[in-house]
Amino acid sequence: MKKKSLSDQIFVICNTIFMVAFVVITLYPVLNTLAISFNDGIDTVRGGIHLIPRKFTLQNYYTVLHKQNMVTGAYITVLRTVIGTLLALVTNALLAFIVSRKRFLFKSQLSLFWVITMYVNGGLIPVFLLYKNLHLTGTFWVYVVPGAVSAFNMLVLRTYMVGLPDSLEESAQLDGAGYMTIFVKIISPLCKPVYATVALFVAVGQWNSWFDAMLYNRMSDKYTTLQYELMKLLSSVMQQSGSADSMRNSGNSITPASIRAAATIATMLPIVCLYPFLQRYFVTGLTIGGVKE
Amino acid sequence: MSRGKKKAKQEITWKEIKRQKVLLIWSAFFVIYGFIFYYLPLGGWIMAFQNYKPKDGMLHSKWIGLDKFKFLFSDASFIRVIRNTLAMGTINLVTSFVMAIVFAILLNEVKNVVGKKMVQTISYLPHFLSWIIVTGILHDALSSTGIVNEVLQKLGIVSSQINFFAHESYFWPIVAFSNLWKETGWNAIIYLAAITAIDPSLYEAASIDGAARWAKIRYITLPGIKPTIMILLLMNVGNVLNAGFEVQYILGNGLVQKVSQTIDIYVLNWGISQNDYSLGTAAGIFKSAVSIFLILLANRMAKRSGEESLF
Amino acid sequence: MKCKKLTALLLTAAMTASVLAGCGGDSAGGAVTSNTDGGSNEGAASGEDGNKDIIDFTMFIAMPGPEINDGNEIQEIIAQKTGVRVKETWLTGQTAAEAVGTIIAGGEYPDFIDGGDGQMALYDAGALVAWDDYLEKHPQLKEMYSDEEWDRFRQEDGKIYWANIFQNTYGESKATTHNDEAFWIQARVLAWDNYPEIKTLDQYFDLLERYAAANPTMEDGSEVIPYTILCEDWRYFCIENAGQFLAGYPNDGSVIVNTETMKIEDYNTSETTHRYFQKLNQEYQKGIVDHEFATQTYDEYIAKLSTGRVLGMCDQWWDFYGTVNDVFKQQGLDLEGCNYVPLGLTIDEGMENMWHTYGDTQNLANGVAVTTSCKDVDAAFQFLEDCLDQEIHDLRFWGVKDVDYQVDEDGLYYRTEEQRMQWANKEYQASHRCVYSYMPQYRGTSRDGKNAMNPEEQTSEFFSSLAQPLVDCFNAYGVTTYVEMIGSVDKETGPWFPMYSFSSNMTTETPGGVAWTKMGEVKHEWLPKVVMSDSFDSTWSDYMTAYEGCAPEDFLAEMQTELDRRASLAQ
C-alpha cells in the first residue's frame with residue numbers, strides 16, 4: 001500500500017505541475033489580448049505590452065460596440081446560434097441514431113455517403129449558385145439550413161450511441177416501442193454529454209461565422225451578423241493604415257491590432273460563458289444501471 | 001460491451017423493410033438533403049477541366065481537358081508543397097491527437113473539482129483567438145529579443161540569439177506547436193465527454209481489486225474512449241492535406257518558403273490572385289481524391305483489425 | 001418532463017422561424033435594396049433643386065473601406081442637393097476577384113460598382129453600361145479627362161465603361177507629399193551632419209554609419225537600428241525594386257523602359273541592382289542592416305519604426321507614414337527629429353532621379369462603373385457628374401462650412417485644431433463625413449483658383465502639421481515640400497507609363513505570366529539570402545542561376561509587346 005501511495009503522490013504532484021504549466025502557457029495570449037484591448041492603439045504599436053495595459057482606454061471597446069448595425073448583428077447572431085444549434089442537434093442526432101442501429105439495412109452505405117461529404121467541396125461559385133436557385137440567398141435560412149447536418153458531428157454522436165448497450169433498444173422493443181420512441185425516450189437522455197459537446201461545437205461555429213453573411217447577404221443589412229460587422233470594421237481600419245489611394249486620416253488612436261483585440265474579447269465572452277453551463281453534463285457520468293449486458 | 005462482432009450480412013427482406021420503415025423514410029430524407037447540399041455543387045468540378053471565365057459560366061467556358069492538372073504536376077514547386085503539406089499535416093495530426101488525449105486523461109485525474117473546471121474552461125480559451133493574434137504572440141516570443149531567447153541565454157543553452165524564423169529546420173515544429181497551443185483544450189472536449197460515458201462501477205471494481213492509477217488509465221479509461229479515438233483518427237487521416245493556410249502564411253517568409261508553403265498557399269499564389277478558378281478547383285479535386293483514398297485505406301485497415309470504422 | 005421541455009423549445013424555435021420566414025421571403029431577390037417609395041422615382045432624374053424624391057443607389061467597391069452610418073449628415077445634404085443617396089458596400093475577407101466572381105455568378109449587380117482586380121470580368125460578363133452616349137450629355141463628367149485620356153479607357157469594343165477617379169489633377173498641382181518610394185532618412189541624422197548633400201547610395205550609407213557610430217543609442221538606452229528592410233509578402237518591393245530608381249528610371253514597377261531604344265530592360269539583372277545588393281550585403285556584414293530584417297512581419301516593422309530607433313529604410317510613403325507619424329507625435333519623437341524625409345538617391349553622382357513622377361498616373365485597370373442592373377441609368381450618370389460639382393466636391397472633402405472648416409478673408413479654407421481632430425474622429429466620420437471616395441473626384445486646385453480640391457494638399461494645412469525639425473530641414477535645403485526635397489527631375493513619363501499596370505494583370509495562361517509568378521517566388525527567397533550571404537559573389541551567381549531558370553525572357557517579351565502596343569496607340 002505504501003509504495004502505491006508514493007507513486008500516487010508523485011503522480012499527483014507531476015500532474016498538478018503539468019496543469020499549472022498548461023494554464024500559464026494557455027492563459028498568456030488571452031491575457032495579452034485582454035491587455036491590448038484596453039490599451040491605447042497607437043501606444044500598442046510601440047510594443048512591450050504584456051499583461052497590463054500601459055495607457056488605459058475604453059476607446060477600442062467603444063468603437064467596436066458603437067459600430068452601426070451592431071444591434072441587428074447581435075440579434076441575428078443570437079438567433080442563428082439558438083436555431084442553428086437546435087436544428088443541427090436534432091438532425092445530427094436523428095441521423096446518428098439511424099446509422100447506429102445495428103439492424104439498419106443501409107447503415108454502412110449511409111455512413112459512407114456522409115463521410116465523403118467531409119472531403120469534397122464543389123467550390124465557392126457552384127455553392128453560391130445552388131443557394132441562389134434554392135432562394136436561400138437574401139434570407140436568414142441560409143445560415144442554418146445548409147449546415148444543419150454535418151458528417152463530423154454525426155460521427156461523434158454515432159460513436160457515443162454505438163457504445164450504449166444494445167439491450168436498451170431490445171427491451172424497449174419488447175415493450176412495443178417504435179424507433180422514434182426509443183430515440184426520444186431511451187437513447188437521447190443517455191446522450192446528454194455528447195449532445196452537450198456537439199451543441200457547443202455547433203454553437204461556437206454559428207456564433208463565429210461571418211463568411212456566409214458576407215457572401216449571401218452582402219447588400220442588405222437586414223441579416224447581418226455580429227462577426228460580419230466586426231470583420232467590416234476591422235478591414236476598414238486596416239485599409240486606412242495602408243493604401244495609396246483612399247482617404248487618409250491621422251490623429252486617431254485606433255489601430256487594427258487594438259480593434260482586433262477588443263473584438264476578440266467582446267465576442268469571446270458570451271460564448272465562453274456557455275461552457276460552464278454545458279459542463280455540468282460532462283461531470284455526471286453515465287449510470288446505465290440495471291440494463292447492463 | 002465487446003465490439004467488432006462478426007457482422008452477419010443482413011438480408012433485405014420485406015419484413016425487415018417494413019420493420020424499419022421509419023428509419024428508411026428518415027434516411028431517404030437525409031440522402032436527399034445530403035445530395036442537394038453536398039453532392040450537387042460538385043458539378044462545379046467541371047471547372048477544373050475548363051478555362052473557367054465568370055462571364056461564360058460553367059456551361060460555356062472553354063474546355064481544356066487535363067491542362068490544369070498537367071500544369072500542377074509538371075511544376076516542381078507543386079510537388080514540394082505536397083511534401084510540405086503532408087509533412088505538416090502528419091506532424092499536426094499526431095501531436096494534436098496525443099496531446100488532446102493525454103490532456104483529457106490527466107485532467108480527468110484531477111480530483112479537485114473546482115480546479116478541474118477552471119483548468120478546462122481556461123484550456124479552450126485560445127480556440128477563440130484568431131490565428132493572427134496567436135501567431136503575433138508567437139512571433140514576439142520567438143523573436144531575437146523575445147522571451148524564448150531570453151530564457152535560453154539565461155540558462156546558458158545558447159550563446160547568441162537564435163533567429164527562429166530564418167531556419168528551415170525550425171519551421172515545422174513551430175507550426176506544430178502553435179497548433180497545439182491553440183487547439184489542445186478544444187480538441188479534448190470530445191474525449192472528456194467520452195470519458196463520462198465510462199461506467200463508474202468499472203473504476204470502483206478496479207479499486208477494490210487494488211489497481212493502481214496507471215492500471216486504471218490503461219485498462220479502463222483508454223479502452224473506454226478507444227472508439228472515439230479511432231473515429232476521430234480515421235476522420236482526421238483524411239484531413240492531413242488540410243494542414244492549414246493561415247499559420248504558414250503568416251509565419252512564413254522568403255527564407256523558409258521552401259518548407260513553409262502548403263497547397264492552399266500555392267493555390268492562392270497561382271490561382272486566386274490571378275483569377276484562375278480552374279486551377280484552384282483542380283487542386284481541390286486532387287486534395288479530395290487523396291483524402292478519400294486515405295480514408296478508404298484507413299477504414300479498411302481499421303475494419304480488418306476489428307476496430308471501430310467509419311462506414 | 002424533459003421531453004416536454006425539448007418539445008416546447010423546438011416549438012418556440014419553429015415559431016420564431018416562421019416569423020422570420022415571413023420577413024425573409026420578400027427580400028429573397030437579394031442584392032438591390034430599393035427604398036420604400038422607390039416606385040415614384042421616375043422623372044426625378046436631374047436638376048439641382050432640393051426637396052424631391054431621393055433615389056437610393058447601391059454601390060459595391062472591391063476594396064476594403066469604411067462604412068458610414070445610415071442618415072449620415074453630409075450624405076443627407078448631398079442627397080437633398082442631387083436627389084441621390086448611395087449606399088456603399090466594401091470588400092471584406094475576400095479577394096476582389098472572388099467577390100466579383102460571385103456577384104457575376106449571381107447575375108444581380110449593385111447600381112454602381114468598382115470591381116478592382118475583377119473589373120475586366122465585369123466587362124466580359126456584359127454587366128456594365130457604356131459611357132459614350134452619356135459623356136456627351138454630361139460636360140462636367142467629360143471634363144475629367146482629355147479626349148486622348150478617355151480613349152485609353154476604351155475596351156476592345158471601342159467603348160468606355162469606367163473611369164478611374166484617382167490621381168486626376170484639376171488645374172495646377174498642389175502636391176506636397178511624395179507618396180511613393182524613396183530612401184528615407186530621419187531628419188535628425190541630416191541635422192547632425194549639418195544637412196549634407198546626399199545624392200548616392202554610398203553617401204547615404206556612409207552617413208548612416210557615421211551617425212550610428214557617434215549615436216549608438218536612443219535617449220532611453222535602446223540601440224539604434226541604422227537601416228532595416230521590409231520584405232514580407234507583397235510588401236517586398238521595399239527590397240526588390242530600388243534598382244530601377246537608382247538607375248534613374250521612374251516606377252514602371254516590373255521593368256525599365258529605355259526611352260532611347262524603346263526596349264524593355266530587366267532591372268533584376270542590371271549592374272546597378274547588382275551594386276545595390278552588394279552594398280546592402282556589405283552593410284549587413286558591418287551590422288548596419290538590421291539582422292532580423294528578413295523575418296520581420298509588417299506589424300513588427302511598423303512597431304520598430306515607431307520607436308524612432310530606425311534611422312533609414314527604403315519604402316513607399318503610404319506604407320508607413322500613417323501609424324508611424326502618429327506614434328511620433330504622441331511620444332514627442334517628432335520634436336526630436338525622428339520624422340523621415342525622402343532622398344532621391346542614384347547609384348552614381350550626377351544622375352537625374354525620377355523617384356517622383358509629377359504628372360497623373362492614369363490607372364486604366366479599374367474605376368467606377370454603372371451596371372446593367374442599375375435602376376435609373378440617367379440618374380446614375382447625372383450623379384457621377386454632380387459629384388464633380390464644386391459645391392458637392394467641397395462637401396465631400398472639406399465638409400460643411402463653419403462646421404468642418406473656416407474661410408479666411410482671402411477666401412482660403414482652413415481648419416481649426418479642434419475641427420482637425422473632429423474630422424479625424426472615427427465616430428464623426430461615420431455619422432457626419434461622406435466622402436464617396438470611389439466616386440469621381442479631383443486633386444489639384446479648386447475652381448476658385450485658390451484652394452486645394454483636397455484638404456491634404458492645402459498648403460496651410462500641410463505646414464500646420466509639420467514638426468519643427470522638419471521645417472528646419474526643409475529650410476536648410478531650401479525646399480518647402482517633400483516633393484521638392486526628393487528633387488526629382490520634372491520629365492514627362494511616356495504614354496506607356498506605368499508598365500506595372502500590365503504585369504500585375506498577367507495570368508498563368510501565358511508563358512510570360514507563369515515566368516512572372518516564378519520570378520516573384522525566386523526573388524522572395526533569394527534577395528534576403530543575397531543580403532545575408534557570407535560570400536556575396538557565389539550567392540549572387542546562385543541567385544542568377546535560379547532566376548534564369550524561371551525563363552524571364554518570356555516575361556520580358558510579353559512586356560515588350562505591350563510596350564509597343566501602348567506606344568503605337570499614342571501616336
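**Close-up views of a predicted three-chain model**

**View 1. An open sheet in chain C.** In this predicted model, four strands of chain C form an open sheet in the order β2-β1-β3-β11, with mixed pairing. The edges are taken by β2 (84–90) and β11 (369–370) of chain C; each has a single partner strand, so one side of each is left without a neighbour in the sheet. Strand β3 (residues 112–114) of chain C runs antiparallel to β11(C), and two bridges join them. At this pairing, C:F112 stands opposite C:V370 in β11(C).

**View 2. Strand β5 of chain C and its two partners.** Strand β5 covers residues 181–186 of chain C. On one side of the pairing is strand β9 (residues 310–316) of chain C, which is antiparallel to β5(C) and joined to it by five bridges. Within β9(C), C:C314 is the bridge partner of C:F183. The pairing of β5(C) with strand β10 (residues 340–343) of chain C is also antiparallel, and it has four bridges. Here C:V341 in β10(C) is the bridge partner of C:I185.

**View 3. The side chains of β5(C).** Is this strand buried or exposed? Six of the six residues of β5(C) are buried, so the strand is largely enclosed by the rest of the structure. In a regular strand the side chains alternate between the two faces of the sheet. C:E181, C:F183 and C:I185 point one way from β5(C), while C:A182, C:W184 and C:Q186 point the other way. The residues pointing each way are all buried.

**View 4. The contact between chains A and B.** Chain B gives 66 residues to this contact and chain A gives 73 residues. Several helices of chain B each supply at least two residues of the side that touches chain A, among them α2 (21–39), α5 (76–109), α9 (168–196) and α15 (277–304). Which helix of chain B supplies the largest share of that side? The largest share comes from α2(B), with 10 residues. By residue type, the side of chain B that touches chain A divides into 43 nonpolar, 17 polar and six charged residues.

**View 5. Helix α7 of chain B.** Helix α7 (131–142) is one of the elements that supply at least two residues of the side of chain B that touches chain A. α7(B) has 12 residues, and the distance from its first C-alpha to its last is 16 Å, close to the 16 Å expected at 1.5 Å a residue. The helix is mostly covered, with nine of its 12 residues buried. The buried residues include B:I133, B:V134, B:I137, B:L138 and B:L142. B:T135, B:G136, B:H139 and B:D140 are buried as well.

**View 6. The contact between chains B and C.** Here 26 residues come from chain C and 23 residues from chain B. On the side of chain C that touches chain B, the elements giving two or more residues are α3 (96–106), α4 (119–124), α13 (298–306) and α23 (511–532) of chain C. The most residues, six, come from α23(C). This side of chain C divides into nine nonpolar, nine polar and eight charged residues.

**View 7. The fold of chain A.** How many helices and strands are there in chain A? The chain has 13 helices and zero strands. Of its 293 residues, 49% count as buried. Among contacts in chain A with a separation of 6 or more, 73% are between residues 24 or more positions apart.

Key
Residues are numbered from 1 along each chain as its sequence is written. Chains are lettered from A and ligands numbered from 1 in the order in which they are written. This is a predicted model: local features need pLDDT of at least 70, side-chain atom pairs count only at pLDDT 80 or more; totals for chains, interfaces and linings use all residues. A residue is buried if 20 or more other C-beta atoms lie within 10 Å of its own, exposed if 12 or fewer, and partly exposed in between; C-beta atoms are placed from the backbone. Two residues are in contact if their C-beta atoms, placed from the backbone, lie within 7 Å. Two strands pair if DSSP finds at least two bridges between them. Ala, Val, Leu, Ile, Met, Phe, Trp, Tyr, Cys and Pro count as nonpolar, Asp, Glu, Lys and Arg as charged, and the others, Gly among them, as polar. The expected span of a helix is 1.5 Å times one less than its number of residues.
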